[in-house]
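Colleague: I would like a close look at one part of this model, with every cut-off stated as we go. Please take your time over the answer.

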Amino acid sequence: MLVNLHVKNLALIEETDIDFTSHLNILTGETGAGKSILIGSIQSALGAKIPKDMIRHGCDSALIELIFHTESETVKELMEKYEIPFEDGEIIISRRITNNRVINKINDCSITIARLKELSPFLLDLSGQHENQLLLNPQNHLKILDNFGKDQISSLKEKVAEDYHQYQEVQKELRQKNLGEEERLREMEFLKFEIQEIEQANLQPGEDEELEQLYTRISHSKDILSVCSSIHDLTSSNSISVESMIGKAIRSFSDVSNYDERIGELSEQLSTVDDLLNDFNRELSDYISSMEFDPETFAQTEERLNTLNRLKAKYGDSLEKMQAYLDKSRERYETLSNLDEIIASLKIKYNKIKEKLDEDSKRLTELRKQAAWPMAEAIKQALLDLNFNDVQFEIAFKETEQYSVDGKDQVCFMISTNPGLAVRPLQEIASGGELSRIMLAIKSVLADQEQIETLIFDEIDTGISGRTAQKVSERLSDIARERQVIAITHLPQIAAMADSHFLIEKTSDDKSTISNIHRLSDEESVEELARMLGGAEITSTVLDNAREMKALAADFSKKQ
């Protein structure tokens, strides 16, 4: 269950801290007091996108924190999978929002938004005001049915999805290979030309880099030779060269080396330099001798480089990519050469996969139909409890023309809310108030099936009043006997059933507007019910009506 909600600096909320209880928690307040912000904060904490303009004006950041206590084995497995500390069933989820980023944490460990979204459905189910509209799309009906029967359906549904993806892949291969004879021959001729052009080039690994270096050296040989000759003149070729000067210095050292041992050491170092310079001059001389410009070699190098660069422009900007292009072209040419055999093999594979997909889809349909009857009966009973007199509810099946990831099933919820009228698609006849109750019925049935610990309803009372409102309140009370329910309502009939009643109020001054929430005492709850019953003026009669409503709600709860 959701134990605590802490919100700070979010929209109209400066800071609030709510300790929820088990069973039925009701939130009431004037329109615009901040109820939707509160529900939105829970959604945001569980992974919904948070607009940056939700940060309270003048603040640098906002914080939303949820504390859960859960006995769910699935949640325990996910926490172990994520390697997040998990003790005594406590989970603390926090999201800190700044202008630059959102920081998500579970039990003080940072976590990605994807993992947060994976975990959240096992902690609570939140029905927002827009969710009723999902019932108007029959595509969602199949999802609801599969959710109801997931223990029997899930593994086969995954298998069908896998079959379908394989089926699509083979279909795609067949389309790609199903060429006309003229087109096939034309492509083969073009590939043959490209293959021959690359093969004739006789590519050698690293050849282009070696040729580039050789071309650069030959094309700049005159400059290189001029510089090397100048250096050779400076180091060895005349009486004032470095080599000559070092020889004179060594001879000068020899005249005084007997007078000091240190002079001898310095003389030996200079002799070493002289030996190195002699070696350098010999190598430089050899290099100069080898630097003869060969026009034929230069022309051959230039021509080979031009050939490689031309091929690079067509087949890849490196020899490795050109070789890869050649290998791919050869493979494609081989495929086209044996296309008839390949297509025949693919058709055999296609028929086998299609047969398997068809078989698994039919089994999936059978499982869905097995789940449909008890689900329809459970929803029908829930609708009767919600003041749908003589209601009929069925789940109709239709086979689609094409396969999909869900097989070939299309389902539609069929309903009749008036005696004597045949069932028709729900989306064609349900009013806004009826949609609210139908969604409540479905959620209650799914909650029983999935053992969800916390259900949140945001204005489930839309479009209802009177006796129907009373029935909805009783149904919420029934659901709350086995789990925690948190509901926002404008109806006193529903608010009277609260095990814990919270009031959301908005206060304003010249500087700011703030929403606050606090739990009401029994007497404060009566006063809030009186406000909901009587509007602006609360008389003693209205207060008595509110007390009577609370008493009747208490009697109903005791009888359950």
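Colleague: What is the relative accessible area of Cys-109? And from there, which strands form the open sheet, and in what order?

Modeller: The model is a predicted one, in which local features need pLDDT of at least 70 and side-chain atom pairs count only at pLDDT 80 or more, while totals for chains, interfaces and linings use all residues. Residues are numbered from 1 along each chain as its sequence is written, and side-chain values use heavy atoms, with hydrogens and water left out.

Cys-109 has a relative accessible area of 24% and is therefore partly exposed, the scale being buried under 20%, exposed over 50% and partly exposed in between, with a 1.4 Å probe and protein chains only. Cys-412, at 14%, is buried. The structure holds zero disulfides, a disulfide being a pair of cysteine sulfur atoms within 2.5 Å.

Turning to the sheet, six strands form an open arrangement with mixed pairing, in the order E8-E12-E13-E3-E14-E15. Strands (E, at least two residues) and helices (H or I, at least four) are DSSP runs numbered from the N terminus, and two strands pair if DSSP finds at least two bridges between them. The edges are E8 (125-127) and E15 (513-519), each of which pairs on one side only, and the twist averages 15° from one strand to the next.

Strand E12 (residues 454-458) has five of its five residues buried, so it is largely enclosed by the rest of the structure. Thr-454, Ile-456 and Asp-458 point one way from E12, whereas Leu-455 and Phe-457 point the other way. E12 runs parallel to E8, to which three bridges join it, and Ser-127 stands opposite Phe-457. With E13 (residues 484-488), E12 pairs in the parallel sense over five bridges, and here Ile-456 stands opposite Ile-486.

Further along the sheet, E3 (residues 24-28) and E14 (residues 500-508) run parallel and are joined by four bridges, with Leu-503 of E14 as the bridge partner of Thr-28. Helix H18 (residues 522-534) lies across E3, E14 and E15, running at about 65° to E14; contact means heavy atoms within 4.5 Å, and axes are lines fitted to C-alpha atoms, for helices over the stretch in contact, with angles running from 0 to 180 degrees between N-to-C directions.
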